[in-house]
Amino acid sequence: MTNYIPEAMPRPTNAAPWAKVDAKKTLRIVLASTLPAATAALLAISFGWQFEFTLLAVFLPLQLVAGLWLGTVTAGKRGRGDALLVIFTVFFSALVLVLLMSVLWSVVSNGAAAMSWQFFTQNNVYVSANTSLEYGGVGHSIIGTVLIVGLATLVTVPLGILIAVYLTETRGKTRGLIRTLIQAMSGLPSVVSGLFVYAAFIVTGITQYAGWAGSLALLPLMLPTVSRIAEESLRLVPADLRSAAVGLGAPNYRAFLQVVMPAAKSGLVTAILLGIARIIGETAPLVLTTFAAATTSVNIFNGPMSTLPTYLYGFISDPSIQSAQRAWGAALVMLILVGVLFTAARVMTRSRVGKTTKKIGK
């Protein structure tokens with residue numbers, strides 16, 4: 001008996017109807033996309049209108065009319081809603097992107113003037129508002145930021161992940177209460193958190209201004225972000241993975257530690273990163289708890305300690321040009337620090353995933 005091997009059928013020539021290009025439809029899309037912008041630009045140049053007025057009073061109405069026309073011609077009445085949705089989505093997405101790029105460009109262009117090796121390594125001793133940028137820097141503030149945010153992260157991350165595990169892996173009666181408290185903490189103003197630590201520990205004489213007090217004030221601000229994102233990450237792990245591990249004889253705790261946690265690893269890393277990003281720029285709680293020291297301190301449990309937000313706050317209120325450049329420089333250093341943390345965490349996570357995939361392939 002011979003085995004029958006079916007032969008592959010040739011691909012029909014008309015098997016890709018989506019590849020056909022409607023020239024009229026393409027022309028209408030091009031006209032609806034370019035004519036409003038060209039008309040608005042021509043009117044703005046002719047009458048000398050400001051960019052904001054032209055954008056909101058001329059371009060957006062013209063683009064809406066053009067979108068409604070294109071939707072009606074292309075898909076009838078049903079196309080009008082789609083056209084409005086596309087226009088508003090693209091317009092506001094572009095607006096947010098432009099604002100974000102404007103902020104980034106402002107920080108980079110203004111902060112670049114203060115960038116030097118001395119700015120990264122020196123502290124602020126003997127530096128006044130009019131001192132040249134060749135002297136003094138944010139070295140002590142970088143150390144203070146790393147220590148204070150590091151201590152807050154060291155305490156908050158295990159607590160936030162444990163809360164997420166409790167909310168997703170148990171059926172306790174207090175889950176609703178804990179979830180409500182976490183959601184309420186997410187709306188806590190940062191200045192209230194700092195004021196509470198200031199009144200409870202510093203005013204009462206339990207401690208002086210110290211780095212650990214700043215970490216304590218940052219804890220309730222970071223905890224909701226970490227716990228909620230970690231909870232969502234654990235919920236996204238398919239239940240079939242856990243069931244398969246339990247079906248093979250693994251106890252529940254080993255199924256969670258060796259199957260669920262590795263599957264949710266990238267989400268947990270994202271929770272930690274967003275938690276750090278949430279607190280690294282907080283100023284109000286640190287002004288009330290750590291003060292703004294000009295010297296370098298590595299003892300987080302004794303004495304005032306400077307951080308990048310308090311350094312920026314101290315110089316931005318001064319009218320001198322040097323102080324403003326130091327404040328912009330501190331903002332740029334803060335962005336670089338956040339960028340380095342995000343990039344390092346993403347690279348580490350991606351390499352582990354790649355190694356695991358290669359092992360499975362072997």
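The following legends describe close-up views of a predicted model.

**View 1. Helices α2 and α3 cross in a right-handed manner.** Two packed helices are described by the angle between their axes and the distance between the axes. Here, the axes of α2 (residues 51-75) and α3 (residues 78-111) cross at roughly 145° and come within 7 Å.

**View 2. Residues of α2 meet residues of α3.** On the α2 side, the residues in contact include Leu55, Phe59, Leu64 and Ala75. Their counterparts in α3 include Ala83, Leu84, Ile87 and Phe91. Sorted by class, this contact has 12 nonpolar, 5 polar and 2 charged residues.

**View 3. Ile279 has its place in helix α11 (residues 265-279).** Ile279 has a relative accessible area of 0%, and is therefore buried, a term that applies under 20%. Apart from neighbours within four places in sequence, Ile279 is in contact with Val149, Ala152, Leu218, Leu221 and Met222. The C-alpha atoms of Ile279 and Met222 are separated by 6.3 Å, although these residues lie 57 residues apart along the chain.

**View 4. Met222 is in contact with residues that include Ala152, Thr156, Ile272 and Ile279.** Neighbours within four places in sequence are left aside here; Thr153, Val157, Gly275 and Ile276 are also among the residues that Met222 contacts.

**View 5. The largest nonpolar core has 25 residues.** Those with the most contacts inside this core are Ile148, Leu218, Met222, Leu234 and Ile279. The elements giving two or more residues to the core are α5 (139-169), α8 (211-235), α10 (252-263) and α11. Helix α5 supplies the largest share, 7 residues. Another core, of 11 residues, lies apart from this one and has Ala114, Leu308, Tyr311 and Met334 among its members.

Technical notes: Residues are numbered from 1 along each chain as its sequence is written. This is a predicted model: local features need pLDDT of at least 70, side-chain atom pairs count only at pLDDT 80 or more; totals for chains, interfaces and linings use all residues. Side-chain values use heavy atoms; hydrogens and water are left out. Axes are lines fitted to C-alpha atoms, for helices over the stretch in contact, and angles run from 0 to 180 degrees between N-to-C directions. Helices (H or I, at least four residues) and strands (E, at least two) are DSSP runs, numbered from the N terminus. A crossing is left-handed if the near helix is turned anticlockwise from the far one by less than a right angle, and right-handed if clockwise. Contact means heavy atoms within 4.5 Å. Ala, Val, Leu, Ile, Met, Phe, Trp, Tyr, Cys and Pro count as nonpolar, Asp, Glu, Lys and Arg as charged, and the others, Gly among them, as polar. Buried means under 20% relative accessible area, exposed over 50%, partly exposed in between (1.4 Å probe, protein chains only). A nonpolar core is a set of buried Ala, Val, Leu, Ile, Met, Phe, Trp, Tyr and Cys residues joined through side-chain atoms within 4.5 Å.
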